[in-house]
Amino acid sequence: MTYIAGEYDIIVVGAGHAGCESALAGARLGKKTLLVTMNLDSIALMPCNPNIGGTGKGHLVRELDALGGEMGKNIDKSMIQCKMLNTAKGPAVHSLRAQADKLQYQKEMKQTLEKQENLHLKQYEVTELLVENGKATGVVVKTGAVFQAKAVILATGTYLKARIVIGDTSYDGGPNGLFGANELSGSLRELGVRLLRFKTGTPARVDKRSVDFSKMTIQEGDPQIVPFSFETEKIDIDQLPCYLTYTNEKTHQVIRDNLHRSPLFSGDIEGVGPRYCPSIEDKVVRFSDKPKHQIFIEPEGRDTYEMYVQGMSSSLPEEVQLKMLRTVEGMENVEIMRLAYAIEYDNIDPVQLKPSLEFKSVDHLFFAGQINGTSGYEEAAAQGLIAGINAVKKLEGTVPLILDRSQAYIGVLIDDIVTKGTLEPYRMMTSRAEYRLILRQDNADLRLTKIGYDIGLIGEERYQKFQIKERAVQDEIERVKKVMVKPTKELEAFFAGKNSTFSKKGFTLYELLKRPEMGYFELEKFDPDRPKLPINVIEQVEIQIKYEGYIKKQWSQVEQFKKLERRKIPENLDYEKISGLRTEARQKLSKIRPISVGHASRISGVSPADISVLLVHMENFRRREKTDE
Ligand SMILES: Cc1cc2nc3c(=O)[nH]c(=O)nc-3n(C[C@H](O)[C@H](O)[C@H](O)COP(=O)(O)OP(=O)(O)OC[C@H]3O[C@@H](n4cnc5c(N)ncnc54)[C@H](O)[C@@H]3O)c2cc1C
Ligand SMILES: NC(=O)c1ccc[n+]([C@@H]2O[C@H](COP(=O)([O-])OP(=O)(O)OC[C@H]3O[C@@H](n4cnc5c(N)ncnc54)[C@H](O)[C@@H]3O)[C@@H](O)[C@H]2O)c1
């Protein structure tokens, strides 16, 4: 029966990684928010690898934290191992990665949601979206109850019309043995939402007691854990190890012999899978010259025997999975606890969204997370936060938060999907960002805390602490510029030990720090008056001094980029009336409706010549308006 069950400012559908951030942002910014989800026991579930961060993704989490999101804090509370990846490379690509206790991660997030003022949690399947006069007004759930709202955020992940495939077996169902949501897609289609069909997969979970770890290489966490959240001071835990092993020719033979039974190759799966998280059968086919592939065996939590087999995502039949796993060193007697599977689901074509994540043709309707064609917990959470903030801004009639490509990986992610769309699940990587040297994980707070504070998600106390850090970095850089290091015998010997060119005229400490071979700590003996500073301040001082030249160069590129970003295009510009635009450019511009000239220039099919035509048209338009005034 249909009845009005409640009225809210914002309704968020789906308590995955995107929905949790959206709902927390909405409630923390003072809006009465309803978070409705299919199963309250699967809040913030990690249906694949229970890990947060990794290359590019770690950057997203730190940015999210600087803006006032929750994911960083939640993984700090629930990690069982942590590593800074890529430390042999430059700081731009250092990425934090933590293995989570899967159940604890969920428990901590659920508790945070439950304790949040203004936030209401309810378990239902949403079957219909309500729209009146081109504006989202609420949702209908399976029982017929109607929940009304001023804005709706859809964050339904991989659940829409989800289908599970294991070899020749397939059935309707969501991830991890949960139900899929079969009705909402139809309602979206009726409202004119264009849907695509993607797929993803997960490896088997195996019983720890059936694995011979003595044949594998142990992978310990870092001795000093760097927290994800800029607010977490210290993490002191007993870390659990992971293990490294490899596939071999025998494994590959089992896969090749059974490829015809893999739905990915027999054509049984129509969805498009993530290029950058390929299944093992994909890897064996696409990289056929490789004799082996890395496999990480990772714990799913502290209190479980289940281990995750990273690198072996598959949709091969059950008995082939077992045969294939048992060819791997250390897994000769392995027992599977949960089978690997592939999952197909409906998602939207994200070019239907504005950069604020609002749907272009339905006001007050936002989309966030994997439903937008992305893949990954962190990508989902980042969008969730932005959608939550922008739903609030929409209700308050203020300008949306749109981070640009020089401000944050979050900006790169959203700009990419809403401008170019995606033909396969989109995963963040450092190579997607043009201004990598500026967008480091270590300076996410310096880039974004002020924005989080202005929005209202960063409190006064945290902001003051941040300002103290910011000032300390500047003061120390200024100080080392003034410290003169005399050319003593001791300094000369130190230089010789470093193979560094010595000069009798002496140096400033700043000049020494610029040299790649010299570190801040080892120069302490030549800097007797140095103040005692926190490690995160010293880290900034070193990076900013060592990479100053490159960073300056990147800032001048950013200036060029910003010039075009600042040239805003009127929302109602009629591209049909601009003569000189090529037909493809006219169609693409009308479809994407870019917000700035810079934005327009990134649309595939819009050439530099089209941009010149657009610029001339805008200039004429501006002059005409000025004359009319
Ligand atoms: C098998 C598998 C393997 C994956 N592998 C990885 C991986 O290893 N690493 C990685 O980073 N990402 C992986 N992903 C992707 C990752 O799970 C998602 O990117 C991420 O969880 C997306 O977050 P989300 O918030 O968008 O959606 P989800 O986490 O999927 O959450 C969606 C939420 O919406 C709810 N919901 C859906 N429909 C409705 C409805 N109609 N009414 C009410 N509630 C609804 C669900 O109950 C759920 O709580 C994998 C996903 C799957 C399923
Ligand atoms: N989003 C999806 O749809 C989807 C689908 C399938 C798989 N995935 C998952 O996405 C993730 C990305 O794969 P990835 O290989 O780039 O992994 P990653 O981003 O987790 O790690 C990157 C690199 O870090 C190192 N590393 C990883 N785990 C480690 C450990 N436990 N100990 C030490 N070093 C470790 C390795 O060098 C690895 O290649 C995987 O966890 C994979 O299962 C996602």
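Which residues does G19 touch, not counting residues up to four places away in sequence? The model here is a predicted one, and in it G19 touches V12, G14, L35 and A155. G19 is found in helix α1. Its relative accessible area is 0%, so G19 counts as buried.

UniProt, in an unreviewed entry, lists G14, A15, G16, H17, A18 and G19 under "binding site". That annotation may be inferred rather than shown by experiment.

A15 sits in the loop between β1, residues 3-13, and α1, residues 17-28. Is A15 buried or exposed? A15 is buried, at a relative accessible area of 3%; the cut-off for buried is under 20%. Leaving out residues up to four places away in sequence, A15 touches C20, L35, T37, S42, I43 and A44.

Three strands form an open sheet in the order β3-β5-β4, and the pairing is antiparallel. β3, residues 51-53, and β4, residues 79-85, are at the edges; each has a single partner strand, so one side of each has no neighbour in the sheet. From one strand to the next, the twist averages 15°.

For the pair β4 and β5, where β5 covers residues 95-100, there are 6 bridges in the antiparallel sense. Within that pairing, Q81 stands opposite Q99 in β5.

Methods
Residues numbered from 1 in each chain as written. Chains lettered and ligands numbered in written order. Predicted model: local features only at pLDDT ≥ 70, side-chain atom pairs only at ≥ 80, totals over all residues. Heavy atoms only, no water. Pairing = 2+ DSSP bridges. Helix = DSSP H or I, 4+ residues; strand = E, 2+ residues; numbered from the N terminus. Axes fitted to C-alpha atoms, helices over the stretch in contact; angles between N-to-C directions. Buried < 20%, exposed > 50% of the residue type's maximum accessible area, 1.4 Å probe, protein only. Contact = heavy atoms within 4.5 Å.
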